[in-house]
Amino acid sequence: MMPDFKTPGERTKWIVDNATMYTAVKFLGRGQYERHEYPSLDEAKVTAKHLAKTHGGRYMIYACAGIYDSYICSVAQEKK
(Lines give C-alpha, C1' and ligand atoms only; values in the text may rest on other atoms or scores of the structure.)
Protein backbone atom coordinates (compact mmCIF):
# COMPACT_ATOMS: atom_id res chain seq x y z
CA MET A 1 0.00 0.00 0.00
CA MET A 2 1.18 3.48 -0.81
CA PRO A 3 1.86 5.78 2.17
CA ASP A 4 0.15 9.16 2.61
CA PHE A 5 2.55 11.77 1.18
CA LYS A 6 2.85 15.46 1.99
CA THR A 7 4.42 16.49 -1.37
CA PRO A 8 4.60 15.20 -4.95
CA GLY A 9 8.37 14.86 -4.48
CA GLU A 10 7.84 12.39 -1.62
CA ARG A 11 5.54 10.32 -3.84
CA THR A 12 8.07 10.26 -6.70
CA LYS A 13 10.91 9.30 -4.33
CA TRP A 14 8.84 6.44 -2.89
CA ILE A 15 8.02 5.11 -6.36
CA VAL A 16 11.66 5.32 -7.53
CA ASP A 17 12.90 3.67 -4.30
CA ASN A 18 10.36 0.84 -4.70
CA ALA A 19 10.42 0.49 -8.50
CA THR A 20 10.29 -3.04 -9.85
CA MET A 21 10.74 -1.89 -13.46
CA TYR A 22 11.12 1.13 -15.68
CA THR A 23 9.28 1.85 -18.90
CA ALA A 24 10.16 3.86 -22.00
CA VAL A 25 7.03 5.16 -23.73
CA LYS A 26 6.63 6.91 -27.07
CA PHE A 27 3.34 8.49 -28.12
CA LEU A 28 2.46 7.32 -31.64
CA GLY A 29 -0.77 9.26 -32.01
CA ARG A 30 -4.45 9.10 -31.15
CA GLY A 31 -4.38 6.69 -28.21
CA GLN A 32 -1.48 4.60 -29.50
CA TYR A 33 1.77 4.13 -27.60
CA GLU A 34 4.99 2.18 -28.05
CA ARG A 35 6.04 0.80 -24.65
CA HIS A 36 9.16 -1.06 -23.54
CA GLU A 37 9.93 -2.46 -20.06
CA TYR A 38 13.39 -2.62 -18.42
CA PRO A 39 14.70 -3.90 -15.08
CA SER A 40 16.88 -0.82 -14.41
CA LEU A 41 16.76 2.93 -14.98
CA ASP A 42 20.15 2.88 -16.72
CA GLU A 43 19.00 0.22 -19.18
CA ALA A 44 15.80 2.16 -19.88
CA LYS A 45 17.72 5.37 -20.58
CA VAL A 46 20.36 3.73 -22.81
CA THR A 47 17.82 1.79 -24.84
CA ALA A 48 15.43 4.76 -25.14
CA LYS A 49 18.32 6.88 -26.39
CA HIS A 50 19.11 4.24 -29.03
CA LEU A 51 15.42 3.96 -30.02
CA ALA A 52 15.13 7.75 -30.33
CA LYS A 53 18.22 7.80 -32.54
CA THR A 54 17.08 4.96 -34.81
CA HIS A 55 13.29 5.58 -34.86
CA GLY A 56 13.15 9.28 -34.09
CA GLY A 57 10.85 10.99 -31.62
CA ARG A 58 10.91 11.32 -27.86
CA TYR A 59 10.64 8.58 -25.25
CA MET A 60 9.42 9.26 -21.73
CA ILE A 61 10.91 7.18 -18.91
CA TYR A 62 8.72 6.13 -15.96
CA ALA A 63 9.53 4.27 -12.74
CA CYS A 64 6.91 1.61 -11.92
CA ALA A 65 6.13 0.25 -8.45
CA GLY A 66 3.13 -2.05 -8.55
CA ILE A 67 0.18 -0.13 -9.98
CA TYR A 68 1.91 3.23 -9.44
CA ASP A 69 4.24 5.02 -11.82
CA SER A 70 6.09 8.30 -11.89
CA TYR A 71 7.68 10.26 -14.72
CA ILE A 72 11.49 10.37 -14.49
CA CYS A 73 12.76 12.04 -17.67
CA SER A 74 12.49 12.30 -21.45
CA VAL A 75 15.00 11.07 -24.00
CA ALA A 76 15.03 12.55 -27.50
CA GLN A 77 17.06 12.13 -30.66
CA GLU A 78 20.25 14.17 -30.46
CA LYS A 79 20.37 17.08 -32.89
CA LYS A 80 23.25 17.08 -35.33
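1. Strand E3 covers residues 58-65 and strand E4 residues 68-76, and the two pair in the antiparallel sense over 8 bridges. Within this pairing, Ile61 stands opposite Cys73 in E4. Pairing here requires that DSSP finds at least two bridges between two strands. Helices (H or I, at least four residues) and strands (E, at least two) are DSSP runs, numbered from the N terminus.

2. Before going further, a word on the source: this is a predicted model, in which local features need pLDDT of at least 70, side-chain atom pairs count only at pLDDT 80 or more, and totals for chains, interfaces and linings use all residues. Residues are numbered from 1 along each chain as its sequence is written, and side-chain values use heavy atoms, with hydrogens and water left out.

3. Now for the overall layout. The protein has 2 helices and 4 strands, arranged along the sequence as α-β-β-α-β-β. Its C-alpha atoms fill a box of roughly 45 × 30 × 20 Å, taken along the principal axes.

4. E3 has another partner to look at: E1 and E3 pair in the antiparallel sense over 5 bridges. Here Val25 has Met60 in E3 as its bridge partner.

5. Met21 lies in strand E1, which spans residues 21-29. Leaving aside neighbours within four places in sequence, Met21 is in contact (heavy atoms within 4.5 Å) with Arg35, Glu37, Tyr38, Tyr62, Ala63 and Cys64. The C-alpha atoms of Met21 and Met2, 19 residues apart along the chain, are separated by 17 Å.

6. For Cys64, the nearest cysteine sulfur is that of Cys73, 13 Å away. Cys64 counts as buried because its relative accessibility is 6%. Cys73 is also buried, at 18% relative accessibility.

7. Some totals to close. Buried residues make up 29% of the 80 residues. The accessible surface (Shrake-Rupley method with a 1.4 Å probe) comes to about 5,700 Å², of which 53% belongs to carbon and sulfur atoms. Among contacts between residues at least 6 apart in sequence, 43% join residues at least 24 apart.

Note on methods. Buried means under 20% relative accessible area, exposed over 50%, partly exposed in between (1.4 Å probe, protein chains only). A disulfide is a pair of cysteine sulfur atoms within 2.5 Å.
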